[in-house]
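Hi,

Here is the structure I promised to pass on.

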Amino acid sequence: MAVNRVPVLKRCRSLGLDPMYLGIDKKSTRQLKRANRKVSEYGMQLREKQKAKFIYGVLEKPFRNYYKKADRMPGQTGENLMVMLETRLDNIIFRMGFARTRREARQIVDHKHVLVNGKCVKIPSYLVKAGDTIEIKEKCKGSERYKQILEVTGGRLVPEWLEVNQEALSGTVKELPRREAIDVPVNEMLIVELYSK
């Protein structure tokens, strides 16, 4: 399986992203040395795509498949794409506060700690639907790891389209998110323009 091994803060600097969107509290003090060059239209589109891929931890081929699927769905392609990325199981675990970062959420799902509607799901890219109940397995709930995670993520705001019970480590997806509810700094229209060439 392909793994992105680029240092996170370095990648954030190059994309002009705040590490807080990834759930990381650190700030890089280094400044990016960049000549004052004008970025082409293609360069801007490519950067937006790289931002979305980096934030959600998706590689190129699956990302292209998400785009194709979003293009076939009714409604705006860019909005559909962002909603699909937001409803990935690893992202939902991160949004509910059961993981400090999206990478940690992915690992939690890979290690079979998550139940969706009472069934164990170990696929981080599993698309969650409205009304689904997500919880951490009973045998994992008492572990020290989740106590530490809840200490860190306790003050994090949970989006209004999710309902979370942090004591029971469970939650429900009330509805699919609208684009306004997704606080990711990505201009999805540039991604649509890039892929529609």
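Below is what I found, going from the whole chain down to single residues.

A word on the ground rules: this is a predicted model, where local features need pLDDT of at least 70 and side-chain atom pairs count only at pLDDT 80 or more, while totals for chains, interfaces and linings use all residues. Residues are numbered from 1 along each chain as its sequence is written, and side-chain values use heavy atoms, with hydrogens and water left out.

**The whole protein**

You'll find 9 helices and 5 strands in the protein. Both kinds of element are DSSP runs numbered from the N terminus, with helices (H or I) of at least four residues and strands (E) of at least two. Along the sequence the pattern goes α-α-α-α-α-α-β-β-β-α-α-β-β-α. The radius of gyration is 17 Å, close to the 16 Å that the globule rule gives for 197 residues, so the protein is as compact as a globular protein of that length. (That radius is taken over C-alpha atoms, and the rule is 2.2 Å times the number of residues to the power 0.38.) Along the principal axes, the C-alpha atoms fill a box of roughly 55 × 45 × 35 Å.

Of the 197 residues, 42% are buried. Here buried means under 20% relative accessible area, exposed means over 50%, and partly exposed is in between, with a 1.4 Å probe and protein chains only. Among contacts (heavy atoms within 4.5 Å) with a separation of 6 or more, 62% are between residues 24 or more positions apart.

How are the strands ordered? They make an open sheet of 5 strands, in the order S2-S1-S3-S5-S4, with antiparallel pairing. Strands S2 (119–120) and S4 are at the edges, each pairing on one side only. Two strands pair if DSSP finds at least two bridges between them.

S3 (residues 133–136) and S5 (residues 170–173) run antiparallel and are joined by 3 bridges. Ile 134 has Gly 171 as its bridge partner in S5, and Glu 135 has Ser 170. On to S4 (residues 162–165), which pairs with S5 in the antiparallel sense over 4 bridges; Leu 162 is bridged to Val 173 there. S4 and S5 form a hairpin with 4 residues between them, and Leu 169 in the turn has a positive phi of about 50°.

Helix H9 (residues 188–195) is largely enclosed by the rest of the structure, because 6 of its 8 residues are buried. These are Glu 188, Leu 190, Ile 191, Val 192, Leu 194 and Tyr 195. Their cover includes helices H2 (41–56), H3 (60–72) and H4 (77–86).

Take Glu 188 in H9: its relative accessible area is 11%, so it is buried. Beyond its neighbours within four places in sequence, Glu 188 is in contact with Gly 78, Glu 79, Met 82 and Arg 179.

Lys 119 sits in strand S2 and counts as exposed at 63% relative accessibility. Lys 119 is 80 residues from Val 39 in sequence and 48 Å from it in space, C-alpha to C-alpha.

Leu 157 is in the loop between helix H8 (144–153) and S4, and Leu 157 is exposed too, with a relative accessible area of 78%. Leu 157 and Arg 95 are 62 residues apart in sequence, with 8.3 Å between their C-alpha atoms.

Cheers
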